[in-house]
Amino acid sequence: MSLPTSIADLQDAALIARLQALVAESPVPAAAISAVLYALQDARGYIDDVALHAAARLTGLSPVRVEELCTFYSLVLRAPAGRHVLRICDSIACHLAGAQDLLAQAQAHSGVALGEVSLSGALTVVPHVCIGLCDRAPALLMDGEATGPVDATSLARCLEQWEADPWKPF
Amino acid sequence: MKRVFYLDGQTVPFTSGQNVLEAAIAAGMARQIPYFCYHPALGSLGACRQCAVKIYPHDDKHPPRVTMACLLPASDNLQLATVDKEVHTEHREIIELLMLNHPLDCPVCDEGGQCHLQDMTVQTGHAVRRYSGPKRTYHDQDLGPLVYQEMNRCITCYRCVRFYQDTAQGDDFGVFGSRDRVYFGRLEDGPLESPFSGNLVEVCPTGVFTDKVFRHDYARVWDLQQGPSVCPHCAVGCNTMPGARLGTLRRVRARHHPEINPHFLCDRGRYGFRYVTAAERPVQARLHGARSRQDVVLRQVAMRLQEGRSGFLGSPREDVQSNLALFALADCLHAPFAALSSPWMEALAQQCMALPQAPTLSDVETADHLIVMGDLGGVAPMAELAVRQALRNGAQLTVLASQPTPLAEAGDYRPTRPSALPDLITGLAEDVCLQGSRRPVILAAAETLGPAGVHALRKTLARLPANARAGVFQNSPNLFGAAYFAVDGHTARLQHALRQRQIDHLLCLAADPLGSDWGAGTWRSLVPGLQGATVLDMVDTDTVRAAEAVLPTAAFPERDGFFINYEGRIQAFAQVYRREAPVLHPQENVNSFPAAAGGQMHPLGPPTPQYWLGRLAELLDIVKPWQERLAFYQHFLCPISPHPDSPGVLLDDALRARFEIAAAPAAAPVGTEDWELDLFHWYGGETLADAAAELQSLAPARGLRVSADISAPFATLSGPCGRLRLPVIPIVGMVAGVVALDQEGFAELGLYPGEAVQIQWEVAS
Ligand code: SF4
Ligand code: SF4
Ligand code: FES
Ligand code: FES
């Protein structure tokens, strides 16, 4: 990671232009960091080391600062993820409403441990902290879209559909 | 009127702005309130939730409630209690939570004996662990040779990251993760980059960060001999607390000085002490390179001195007493003496002495406008730390330097050629910004300014409003002490005597005229006239290796003495321990009694320079006049001897004023087409610290630093005393036409900062 990296290492001119525009729009470069990280994650699936250093360069933050943000915010991924990411809330309301069963079901479907990429490359399942949908528990985020309440049948349907769909929705 | 509040019925005095915990600690009542995240230099955070007290509001609307003492501003007549069931429960249960994941490794933890966590755990009565589940564990990082990490011991008080990122403004260390998985470390393994990294060891209240150098020669803290000392690695004179065990020095910690270093040390000050234990350190007397009996060597040196063809050379690296003792001996023998190794240094020292009273480092922290010249952090790191505190308080910083130094990156960097500095300084007198600010401070690396620059600084200060202050820094601990005897032309006279063959023997006290001292090039050219040199020193230098006779001296923590720091503050240091070292080689020792039977003069390692000089006076039969001279000088120059535990005393203004008459130095003119030299310094570099292996493993590569548009791989520099071929290190942002070189390089070439140099660039093939 300490290898000299430059923004050009992203090897995606369109992405770089988008990121630079985000920084330019921002009152100070550092304030663009969340937008930059999300754009990078959208484009690359997760924040790899190249993306981390590029984000640091673009915003003038130190790589340590960027890593602090990445590891603090649970919506930023620092490890490879499948084409679809399922975040199942396991905080108190959802826990009481059966989140553990949904997690177990989704994990069984993926065939790998939580947080890992299924063999087909289609899916990563992660437990997640409360997403503010407690009144519709158990709730989850399907590729970033909040849904709830979810039961075993609707979860299974959605997982089937993802499996069949080779494209990322964004 | 004294302001007080009440804690458990006892009065606690406070001053405005203090919080309850701070006032209670100051009043010696810390035992009532356990705490972790509060630190006097880092402030309150409210992160650990340990410092609960119960507050009884004075109205009858609010019931008593438990609150955090560190977040509660002290106010008049507050009623607080810790002898309270709820408070006890809070104290006990918080510590139980903090200890939940803590490993049971106290017996092998280096923090043992001075562990704040251990103290607080015992104090709050959390004696039995109820939790038996699995513990959170972390991978530790290799943070380099100075600081050892064991993350499992963390209680997330955030002190480390607050120090590293906020106080020291380092950006290679941070806090990662959230909730119960929070990690304090680097992005990846590798040495910490901050010159202040060693302070993690002291701010961390647990054993997460411990001293890696101490670790390899470890002793329990209650077994250490400790005492008040002063850092010998630069002119700041930070107060230190060396710790020794069984006759060897094990570690150095910071010792509180309210105006210099209330809490911290730089890494040079903390880890440079390993010169004391370096394998190359001369600990036995030597004659012609071979170890020899003390009396044999002394007789030989006395014989030399008797010939009346000796010169004496002191050093700003030695303390006041030793330099005085040398001066007195030279005086008794009517021999030429110089306190500094080059006329340039002599002029610089005199100009520094003539400056008006410098600001203390705590004054620097409260400055609102700072001008820094040269690489301040490379010379005197703690001065840089003070500047950074001023920056945090909103000060404006301008850096005039030839290279983008770490401080330059934090302020307004004005790339400047060193030869331009005297004129720029003169111009500062008209600077409206400086005129208009309330507490302006100018700080500089002495050698980058040179005598002409420091002279210009004094003239400028005289024209600026009285609130403007200035301080110049150098990396030897006693430049001011040496400057005392630096009478104009002494060094030139000594060199002249050698050149004219009036003398052929040099007695050097901690001077390295044949190595890397300023002006060494000139001395080397005089070697043909030198029949022999005698060196009193505590480190291995070129001059020690070339000397006819070597009289090893006690390292600073092994004796007492005085240094005079950049402010002209006389500070005393005490003997902390006695070194134990075998005196003689077994073969040389066959006929004498074993040490234990009292057969040797000094079974406890090298003696002080005064001891050696006294023995020489004895052999020359001049003890009485020598002692009288010494007493006279002491009385005249250093009438007050502060106690090692005191904050020191400032030199008398009248004594300093006599340096104002020193001739105005002229700087050699530099053409705009010329290549010009500047000094490169790194924060760990200094003659003594250079012998500290762990610290030096971090030293940057040697080379010629030059603006990045030069693409030659090598360059050869030529000066009046020699040539030097060095690899070229391109530096982005460096001023064109300037090359930066280390002190050894200057010594080799016989040149000084701000002077022109001939360079031949080798073209890449
Ligand atoms: S590493 Fe030490 S200083 Fe840092 S948060 Fe943990 S216990 Fe506190
Ligand atoms: S700033 Fe100077 S005196 Fe202070 S600790 Fe560092 S080297 Fe020692
Ligand atoms: S607990 Fe699941 S959304 Fe709040
Ligand atoms: S010391 Fe008060 S909350 Fe930590």
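**Ligand 1.** I began with the shell around ligand 1, whose residues divide into 10 nonpolar, 2 polar and 1 charged. In these notes Ala, Val, Leu, Ile, Met, Phe, Trp, Tyr, Cys and Pro count as nonpolar, Asp, Glu, Lys and Arg as charged, and the others, Gly among them, as polar. The shell has 13 residues, and the closest are B:Cys154, B:Cys157, B:Tyr158, B:Cys160 and B:Cys204. A residue is listed if one of its heavy atoms lies within 4 Å of the molecule.

**Ground rules.** I am reading a predicted model, where local features need pLDDT of at least 70 and side-chain atom pairs count only at pLDDT 80 or more, while totals for chains, interfaces and linings use all residues. Residues are numbered from 1 along each chain as its sequence is written, chains are lettered from A and ligands numbered from 1 in the order in which they are written, and side-chain values use heavy atoms, with hydrogens and water left out.

**Ligand 2.** Here I found B:Cys231, B:His233, B:Cys234, B:Val236, B:Gly237, B:Cys238, B:Leu265, B:Cys266, B:Arg268, B:Gly269, B:Pro381 and B:Met382 around the ligand. They divide into 8 nonpolar, 3 polar and 1 charged. Helix H7 (267-271) and H13 of chain B each supply at least two residues of this shell. Helices (H or I, at least four residues) and strands (E, at least two) are DSSP runs, numbered from the N terminus.

I looked at two of them.

- B:Phe327 and B:Tyr633 are stacked, because their ring centres are 4.7 Å apart and their planes at 10 degrees. B:Phe327 lies in helix H9 (residues 320-332) of chain B and B:Tyr633 in helix H23 (residues 623-637) of chain B, so the pair ties together parts that are 306 residues apart in sequence. Both are buried: B:Phe327 has a relative accessible area of 15%, and B:Tyr633 has 8%. My cut-offs are under 20% relative accessible area for buried, over 50% for exposed and partly exposed in between (1.4 Å probe, protein chains only).
- B:Phe556 and B:Phe573 are edge-to-face, because their centres are 5.7 Å apart and their planes at 85 degrees. This pair links distant parts of the chain, 17 residues apart: B:Phe556 sits in the loop between strand E25 (549-552) and strand E26 (561-564) of chain B, and B:Phe573 in strand E27 (residues 569-573) of chain B. B:Phe556 is buried at 1% relative accessibility, and B:Phe573 is buried at 1% too.

I also noted a cluster, in which ring pairs link B:Phe327, B:Phe337, B:Phe632 and B:Tyr633.

**Charges over rings.** The criterion is NZ of Lys or CZ of Arg within 6 Å of the ring centre and within 35 degrees of the ring normal. B:Arg215 lies over the face of B:Tyr148, at 3.6 Å from the ring centre.

**Nonpolar cores.** Which residues touch the most other members of the largest nonpolar core? They are B:Phe184, B:Phe209, B:Leu361, B:Leu370 and B:Phe473, in a core of 114 residues. A core is a set of buried Ala, Val, Leu, Ile, Met, Phe, Trp, Tyr and Cys residues joined through side-chain atoms within 4.5 Å. Helix H13 (residues 381-392) of chain B gives the most to this core, with 7 residues. Apart from it lies another core, of 95 residues, B:Leu324 and B:Tyr484 among them.

In chain A, the peptide bond from A:Ala137 to A:Pro138 is cis, with omega near -5 degrees. A cis peptide bond also joins A:Gly148 and A:Pro149, with omega about -10 degrees. A:Asp143 is not a glycine, yet has a positive phi of about 50 degrees; A:Asp143 lies in the loop between E3 and E4 of chain A and is buried, at 19%. In chain B, phi of B:Thr156 is near 50 degrees, and B:Thr156 is partly exposed, with a relative accessible area of 26%.

Terms used. Phe/Tyr/Trp six-rings, centres within 6.5 Å; stacked < 30°, edge-to-face > 60°.
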